[in-house]
Amino acid sequence: MITKAEIIELPYSGQFKERIYDISNAWNSQDWTWIKFEDENYNEWCGQFRGAQQAVALSSKHNKILVATFDYLFQIDCVSGEMTDYEPTNTYKDLTVTPFGDFIIADYYHIEIIRGTIHDRQLLDIPIQMDMIKFNGWSGNKLSISCEELGVVDSKVELELDATTFEINILSRIYK
C-alpha cells in the first residue's frame with residue numbers, strides 16, 4: 001500500500017522502477033510530472049504523469065492519491081497503484097488533504113472538497129471573489145489560504161478554512 005507521494009524532478013534513468021500514467025488524447029501537452037511513491041515497506045518507485053506539475057495529495061481515509069497536472073486530475077488507488085479515474089483539466093492549481101482525510105482542491109477562483117472520488121465534490125462558500133488561490137499549510141484543523149481579490153489590483157487576502165465546518169473566514173486584506 002502506498003503511504004507517501006511527492007513530486008520530484010525527472011529521475012535518473014534506472015533510479016526507480018517507473019510506471020507511466022497517460023491518457024491518449026490529441027490535445028495532450030508534451031510536459032510530464034514525476035511522483036515518487038513509497039509503500040509501507042519503504043520501497044520506492046516513480047510514476048510519470050502527463051502534464052506539467054501542479055500538486056499531489058494522499059488520503060489514507062479514502063486510500064486514494066490525487067495528482068493534479070496541467071493536463072489532468074488523476075486518481076490513483078493506494079492499494080494497487082492503479083489509476084482508477086481521471087478528469088481532463090488545466091485549471092487546478094493547489095491540492096491538500098484535511099486532517100480528517102478529505103481532499104481540498106483549488107482552481108484560480110474556487111475551492112472544492114473532494115470526498116471518496118473525484119466526482120464526489122462540493123463547492124465551498126467563499127466570502128469574496130478570489131483569484132490566484134494558494135494553500136499555505138495546516139495548523140491543527142485550520143488551513144491557511146492566500147489569494148488576490150478578483151478585480152482588485154495589487155490586493156493580498158489571507159483566509160482560513162476550518163476543516164470541521166468548512167467555513168472560510170477572512171483574516172486580513174492588504175491593498176497596495
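Helices (H or I, at least four residues) and strands (E, at least two) are DSSP runs, numbered from the N terminus. This is a predicted model, in which local features need pLDDT of at least 70 and side-chain atom pairs count only at pLDDT 80 or more, while totals for chains, interfaces and linings use all residues. Residues are numbered from 1 along each chain as its sequence is written, and side-chain values use heavy atoms, with hydrogens and water left out.

**View 1. Leu161 in strand 15.** Leu161 belongs to strand 15, which covers residues 155-162. Its relative accessible area is 0%, so Leu161 is buried; buried stands for under 20% relative accessible area, exposed for over 50%, and partly exposed for values in between (1.4 Å probe, protein chains only). Not counting residues up to four places away in sequence, Leu161 touches Ile104, Leu124, Trp138, Asn141, Lys142, Leu143, Ile145, Phe166, Glu167 and Ile168. A contact means heavy atoms within 4.5 Å.

**View 2. Thr98 in a loop.** Thr98 sits in the loop between strand 9 (94-97) and strand 10 (103-106). Thr98 is buried because its relative accessible area is 3%. With neighbours within four places in sequence left aside, Thr98 is in contact with Ile104, Trp138, Ala163 and Phe166. Thr98 and Thr164 are 66 residues apart in sequence, and their C-alpha atoms are 9.1 Å apart in space.

**View 3. Glu38 in strand 3.** Strand 3 (residues 32-39) contains Glu38. The relative accessibility of Glu38 is 11%, so this residue counts as buried. Apart from residues up to four places away in sequence, Glu38 touches Met1, Ile2, Thr3, Lys4, Asn43 and Glu44.

View 4. Most residues other than glycine have a negative phi. Asn63, which is not a glycine, has a positive phi of about 55 degrees. Asn63 is located in the loop between strand 5 (53-59) and strand 6 (64-69), and its 27% relative accessibility makes it partly exposed. Met132 is not a glycine either, and has a positive phi of about 60 degrees. Met132 lies in strand 13 (residues 130-139) and is partly exposed, at a relative accessible area of 44%.

**View 5. Aromatic cluster.** Tyr21, Phe37, Trp45, Phe49, Tyr72, Phe74 and Tyr86 are linked into a cluster by ring pairs. Rings of Phe, Tyr and Trp (its six-membered ring) pair if their centres lie within 6.5 Å; planes under 30 degrees apart count as stacked, over 60 as edge-to-face and the rest as tilted. By this rule there are seven aromatic pairs.

**View 6. The protein chain as context for the close-ups.** The protein chain has zero helices and 16 strands. Its C-alpha trace spans about 50 × 35 × 30 Å along the principal axes. Of the 176 residues, 48% are buried. Among contacts in the protein chain with a separation of 6 or more, 41% join residues 24 or more positions apart. The protein chain exposes about 9400 Å², of which carbon and sulfur atoms supply 48%; accessible areas come from the Shrake-Rupley method with a 1.4 Å probe, and for residues only the protein chains shown count as cover.
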